[in-house]
Amino acid sequence: IDPMIWICTHRMHHVYSDKENDPHSPVNCPSLFKMNSAHLKYYALLNHEFRMDNSSYLSYIKDLNISLHPLMKLPNIPFLPYSLGNIIVYGLHILLYVLIYIQTGSLIYPLALAAGLLGHPIQGIFVNYFGHIGNRFGGYRNFETDDQSCNNPIVALCIFGEGYQNNHHHDSSAVNFAMAKGEFDFGYQVCRLLRFFKLAHF
């Protein structure tokens with residue numbers, strides 16, 4: 001995922017949280033499958049939009065001095081909404097998996113790497129689905145926000161605090177997503193460790 005595309009999608013999600021123009025909300029995507037399709041749709045859309053100087057989507061990231069990765073600026077695949085750069089990246093991934101398998105003789109290592117690389121989109125689907133579905137599946141709210149965001153402790157435990165979506169939508173600039181007694185954001189502890197080694201600043 002190109003950082004420029006991810007930032008724009010995330011900012012749009014906060015601007016239109018659980019409303020019609022939210023790129024990924026269970027309000028618009030009532031199943032995990034449709035949530036996944038929505039992610040792919042917006043990644044393809046923004047990949048196309050950001051190659052145009054007059055795209056309205058650029059307004060969401062106008063404060064950032066970034067641009068698409070050169071691979072993402074390659075033309076689209078004929079009859080498909082994906083850039084040739086996507087195919088090159090996927091091809092490099094597959095080549096890496098094959099080389100690791102040849103080197104180790106085991107499927108465990110390439111499968112573990114693939115699981116790690118696929119982790120972000122899968123985590124995003126679970127966070128945005130179970131973190132905006134209200135009090136079902138163990139969700140609860142600490143704050144009254146103008147959306148359906150909720151805190152899901154199971155998702156928070158599995159995905160380094162990201163499951164505390166109600167807390168995050170209450171204060172999107174907070175590094176620590178845990179804001180109530182009994183909540184623990186493991187991701188925040190990782191950030192503190194990075195700060196100790198001067199690898200992060202907040």
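Me: Which residues lie nearest the centre of the second largest pocket, and how many residues line that pocket?

Reply: This is a predicted model, so everything that follows describes a computed structure. The second largest pocket is lined by 20 residues, and those nearest its centre are Trp 6, His 10, His 120, Gly 124 and Glu 162. The space in this pocket comes to about 410 Å³.

Me: Which helices supply the lining of the second largest pocket, and how does that lining divide by class?

Reply: At least two lining residues come from each of α1, α2, α5 and α7 (165–170), and the largest share, 6 residues, belongs to α5. By class, the lining of the second largest pocket holds 8 nonpolar, 11 polar and 1 charged residues.

Me: What volume does the largest pocket have, and which residues lie nearest its centre?

Reply: The largest pocket has a volume of about 800 Å³, and among its 28 lining residues, Ile 1, Asn 86, Val 89, Tyr 90 and His 93 lie nearest the centre. Its lining includes at least two residues from each of α1 (3–15), α2 (32–49), α3 (84–104), α4 (108–117) and α5 (119–130). Sorted by class, the lining of the largest pocket has 20 nonpolar, 7 polar and 1 charged residues.

Me: How should I read the phi angle of a residue, and where is Phe 160 found?

Reply: As a general idea, most residues other than glycine have a negative phi. Phe 160, although not a glycine, has a positive phi of about 50 degrees, and it is found in the loop between α6 (153–158) and α7. Phe 160 counts as partly exposed because its relative accessibility is 44%.

Me: What is the phi of Lys 198, and is that residue buried or exposed?

Reply: Lys 198 is also a residue other than glycine with a positive phi, here near 60 degrees, and it lies in the segment after α8 (186–196). With a relative accessibility of 66%, Lys 198 counts as exposed.

Conventions: Residues numbered from 1 in each chain as written. Predicted model: local features only at pLDDT ≥ 70, side-chain atom pairs only at ≥ 80, totals over all residues. Heavy atoms only, no water. 1 Å grid on protein atoms, 1.4 Å probe; cavity = no way out; pocket = protein on both sides within 12 Å on 5 of 7 lines; lining within 4 Å. Points joined across faces, edges and corners; volume = space filled by probe spheres on them. Helix = DSSP H or I, 4+ residues; strand = E, 2+ residues; numbered from the N terminus. Nonpolar A, V, L, I, M, F, W, Y, C, P; charged D, E, K, R; others polar. Buried < 20%, exposed > 50% of the residue type's maximum accessible area, 1.4 Å probe, protein only.
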